[in-house]
Amino acid sequence: PFFEVECALRFVFHFSEGVGAQNQELVHQGPFRALVLALHRSDISAHAHPHVVTLYYELAVRYVKLARDEPPVVQLVLEAMCGARGLQHPSPMVRSRVCYFLLRLTKALGAGASAFAESIVTTARGLLQADPASTGLCESDSLQLFETMGCLVGLSSVPIEQQAAFLEVLIAPHLTHIESTLRVPPPPAEDEGESAERVALSIAAIANTCKGFTRVRVELQPLFSRVAQVALSVLRRFPTHPSARSRIVFLLHRLVVCLGGALSPYLRPMLSPLMVHCDSADVIEVVQLANQLCLAFQDRMLPALDPNLVPFLRRVFELMPPPAGGELSAPHEATERASVQRLYFLFLNHIVSNKLAPVLVSPTNASHFEQVLNSIVQGLVEAPEPAIMKSCLAIITLLVQQWQLGAEGDVDLAVRLAFHDF
């Protein structure tokens, strides 16, 4: 009966808690370690009841350190997870839980997982499809699986040639799927959303795969550059679709790490639709992306930011509810206004603190500079939260420090004099 097996597994699962923090040596050596290894070598993963199977895999993750030095045992666990007893199990619940446990196990193994990268990618390849419905996995489980593959492939201990080959297997089919979708003439407006959702799902799969890469690799830049180009094409086709926008913002966060400076040529055309078409639902995502780009590229962001600055600031102001106008004002409007104000001033703070202050007085934006200054002063005087006032004060302080008379910089003397007069 399954409950007897489940009960036994529960005792094993909670053993480390039962012995207490001061007796953990009983877990990592001696009879208990031998018991866990023997459990891995058994056929417990083939048990008929889904709850027994998922409990075993959860146990395997909890006690992964006991098997880390036993590659054949780890191989047995991974084969079970990736095969008919795990990712391809008849039970949707088991498939879903294994997607999560496989990701945790891969991260726990660290560099040691690289030895199993090829076998895992090969075994799971049939599940890495653009349409999760054809794999028996729901969308969130499918994306977890892509993240697992990215964590494996992105390990520094995996040779760069293998990384490139694995990425072709993982990413190239989705790029091809997106490109083929975009080549089809736009359908009627009511059908455009379905195409956008399919494309957005492929973008999300690519973005989750990219999470495993934590530094720029020159050898992988051609493929990641193709990813950036495809994302730009998607944004041009679906500039206002919420899911497509959200997934592309997420992907751009990852490409900052994967491409580094090679992402610069794509920033100006990508930021324009993201900033101009942002709404109350995604303005925080767009501001967070812009802030990361300011931190990562600093003055190299000037060409991308210059034409997009004023339209974006104007759009943020449009999303900001008007000031409270008496007792009839709704409380949520004041909260929403303060929230948008925080985003507005945080964005300006990132500009002036990352060598981007000249963009405020560029030929494109100079005519609006006084309005920006007035908004900062107004925030300093009238903002309902001390944090917003502090941010405004920081912006003004940084501008004074950078534009004081006699200091070196990219801002001409006339602008400095006008700023000091203000």
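**Figure 1. Contact of α8 with α10 in the predicted model.** From α8, the residues Ser96, Cys99, Tyr100, Leu102, Leu103, Thr106 and Lys107 meet Asp141, Gln144, Leu145, Glu147, Thr148, Cys151 and Leu152 of α10. By class, this contact of α8 with α10 comprises seven nonpolar, four polar and three charged residues. The axes of the two helices, α8 and α10, lie 9 Å apart, and the packing angle is about 20 degrees. Because angles under 35 degrees count as roughly parallel, α8 is described as roughly parallel to α10. The handedness of the crossing of α8 and α10 is left-handed.

**Figure 2. Contact of α10 with α11.** Helix α10 spans residues 139-153 and helix α11 spans residues 160-170. Their axes come within 10 Å and cross at roughly 165 degrees. Angles over 145 degrees count as roughly antiparallel, and α10 and α11 are therefore roughly antiparallel to each other. The crossing in which α10 passes α11 is left-handed. On the α10 side the residues in contact are Phe146, Met149 and Val153; on the α11 side they are Gln163, Phe166, Leu167 and Leu170. The contact of α10 with α11 has six nonpolar residues, one polar residue and no charged residues.

**Figure 3. Contact of α5 with α7.** Helix α5 covers residues 50-62, and α7 covers residues 71-82. The axes of α5 and α7 come within 12 Å, with a crossing angle of roughly 140 degrees. This angle makes α5 oblique to α7. The crossing of α5 and α7 is left-handed. Tyr56, Tyr57, Ala60 and Val61 of α5 meet Val77, Ala80 and Met81 of α7. By class, the contact of α5 with α7 divides into seven nonpolar residues, with no polar and no charged residues.

**Figure 4. Lining of the largest cavity.** The structure holds one cavity of 30 Å³ or more. The volume of the largest cavity is about 60 Å³. Its lining consists of His40, Ala60, Val64, Ala67, Val74, Val77, Leu105 and Leu109. Two or more lining residues come from each of α6 (64-67), α7 (71-82) and α8 (92-109). By class, the lining of the largest cavity has seven nonpolar residues, one polar residue and no charged residues. Two of the lining residues, Ala60 and Val77, also take part in the contact of α5 with α7.

**Figure 5. Lining of the second largest pocket.** The second largest pocket holds about 190 Å³ of space. The residues that line this pocket are Val310, Leu313, Arg314, Phe317, Tyr344, His368, Gln371, Val372, Asn374, Ser375 and Gln378. Helices α19 (309-319) and α21 (369-382) each supply at least two residues of the lining. The most is given by α21, with five residues. The lining of the second largest pocket divides into five nonpolar, five polar and one charged residue.

Technical notes:
Residues are numbered from 1 along each chain as its sequence is written. This is a predicted model: local features need pLDDT of at least 70, side-chain atom pairs count only at pLDDT 80 or more; totals for chains, interfaces and linings use all residues. Side-chain values use heavy atoms; hydrogens and water are left out. Axes are lines fitted to C-alpha atoms, for helices over the stretch in contact, and angles run from 0 to 180 degrees between N-to-C directions. Helices (H or I, at least four residues) and strands (E, at least two) are DSSP runs, numbered from the N terminus. Angles under 35 degrees count as roughly parallel, over 145 as roughly antiparallel, 65 to 115 as roughly perpendicular and the rest as oblique. A crossing is left-handed if the near helix is turned anticlockwise from the far one by less than a right angle, and right-handed if clockwise. Contact means heavy atoms within 4.5 Å. Ala, Val, Leu, Ile, Met, Phe, Trp, Tyr, Cys and Pro count as nonpolar, Asp, Glu, Lys and Arg as charged, and the others, Gly among them, as polar. On a 1 Å grid over the protein atoms alone, a cavity is a set of points where a 1.4 Å probe fits but cannot get out, and a pocket is an open set with protein on both sides within 12 Å along at least five of seven lines; lining residues have an atom within 4 Å of a point. Grid points are joined across faces, edges and corners, and a volume is the space filled by probe spheres set on the points.
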